[in-house]
Amino acid sequence: MQQIISSFTENNSLFYFFIIMLVFGFADFMGVFTKAKVSSVFVVMVVFLIGFMTGVFPTDIVEQAFLTQFASMSAAILIFHMGTMINLKQLRDEWKTVVTAVASMLVVIVTCFILIPIIGRENAMVAIPVLNGGIISTQIMSSKAAELGLVVPAAFAAILYAVKKFAGSYPASYVGMQEAKTVLAAYRNGTYESKQTQDAEKKRKGLATKHTKYFTDFVCLMIAVCFAWIAVSLGKLMPSINYSIWSLLFGAILGYYDVVPTRILEKGKASGVFSMLVYVTIIPSLGKVTFTDLMALGMNIVVTLGATIAMLYVVFAILPGWKLLKSKHLAFGVALAQYLGFPATYLVSQEISKAITDDETEQQIVFDHIMPRYVVAGMTTVTTLSIVVAGIFVAFL
């Protein structure tokens, strides 16, 4: 019997791939079943965190599923796909989102300074770039703290990064659902006109529309991979500009001028696979968190996350911080994008659109309304400015 079990589990990459997909499938079910009241992003992270800490899942499950290399290449490909959905006019129009996102970073910075008497100066300094950003800013702060012998702040940075998405995913999903209800109500009574629709009416027909039959599944995948490769290469050549910015711009330019199809991975019937692969890149960081770590630093983490999110809510949902985007729900969601980053901002937007309605046209209306704001906010904070913030605050350790 043991031999039979071993043959199905040991050294079997498909078994570990199945376990990963089982968790994703369960999370999607919960997201749809609860109409996004319970975020699928949140469910995935909770299940894997518990699984890693209890030893049910091996911490190298992604590697054992042979997904590590493929997943690492997928972000640039999916970002290019996203770019084909956010045309140049939208990028220009999203300046209000950028301003709101930057203001939300400042709110977090001020709040962390206020928390210094409670959580300590070093913890507050490492928390700022971690909350504002992603893995790069976390690595900068954690590595420097470890180098200086600040063991607790180094651990605090790593754990805060691992759990901040828990704190951000549920409220971002919730307010996104409230915004989606408003959008759908306006759409159903005929008072809502999306920017995508307006731009589509004005856009000239280009190569992609005139010769659509040539853009087959593999041609679309080839194009997306090609420009992802160019974007990553340019990111290495010019490190001051992150590859994700290049990838997004390539997609936006080519999509806007109809050189490539809009939603190119959907036309290539591969958007779901690449969304999953990019999501997989988040999982390994959860395997580094132990129960002891959570207990030791739990109170400081709860205080930091609770206070910063509460302050963001006050500024962008109670005070006039929401007026630039003309929606309290949307402004608070944009402010929370720094806690999510890519791909969570994209996945939460996708989840909201599927949970709010079964009609595909309405789903697209909601997605086109929320996704550009969430993603652009995440790009502004996590991808771009957080690295600058880390470069500044690392000197305060």
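## A pair of phenylalanines

Phenylalanine 396 is partly exposed, its relative accessible area being 38%; buried would mean under 20%, exposed over 50%, and partly exposed in between (1.4 Å probe, protein chains only). Phenylalanine 393, at 8%, is buried. This is a predicted model, where local features need pLDDT of at least 70, side-chain atom pairs count only at pLDDT 80 or more, and totals for chains, interfaces and linings use all residues. Residues are numbered from 1 along each chain as its sequence is written, and side-chain values use heavy atoms, with hydrogens and water left out.

## Rings that meet

Across the whole structure, a search turns up 14 aromatic pairs. Rings of Phe, Tyr and Trp (its six-membered ring) pair if their centres lie within 6.5 Å, and planes under 30 degrees apart count as stacked, over 60 as edge-to-face and the rest as tilted.

Phenylalanine 48 and phenylalanine 57 have ring centres 5.4 Å apart and planes at 55°, so theirs is a tilted pair. Both phenylalanine 48 and phenylalanine 57 are buried. Phenylalanine 393 and phenylalanine 396 also make a tilted pair, with 5.5 Å from centre to centre and 35° between the planes. Then there's an aromatic cluster formed by Phe80, Phe227, Trp246 and Phe250.

## Two packed helices

Helix H11 (residues 151-188) packs with helix H21 (residues 344-356) at about 50°, the axes being 9 Å apart. Helices here are DSSP runs (H or I, at least four residues), numbered from the N terminus. H11 and H21 are therefore oblique to each other: under 35 degrees counts as roughly parallel, over 145 as roughly antiparallel, 65 to 115 as roughly perpendicular, and the rest as oblique.

How values were computed
Axes are lines fitted to C-alpha atoms, for helices over the stretch in contact, and angles run from 0 to 180 degrees between N-to-C directions.
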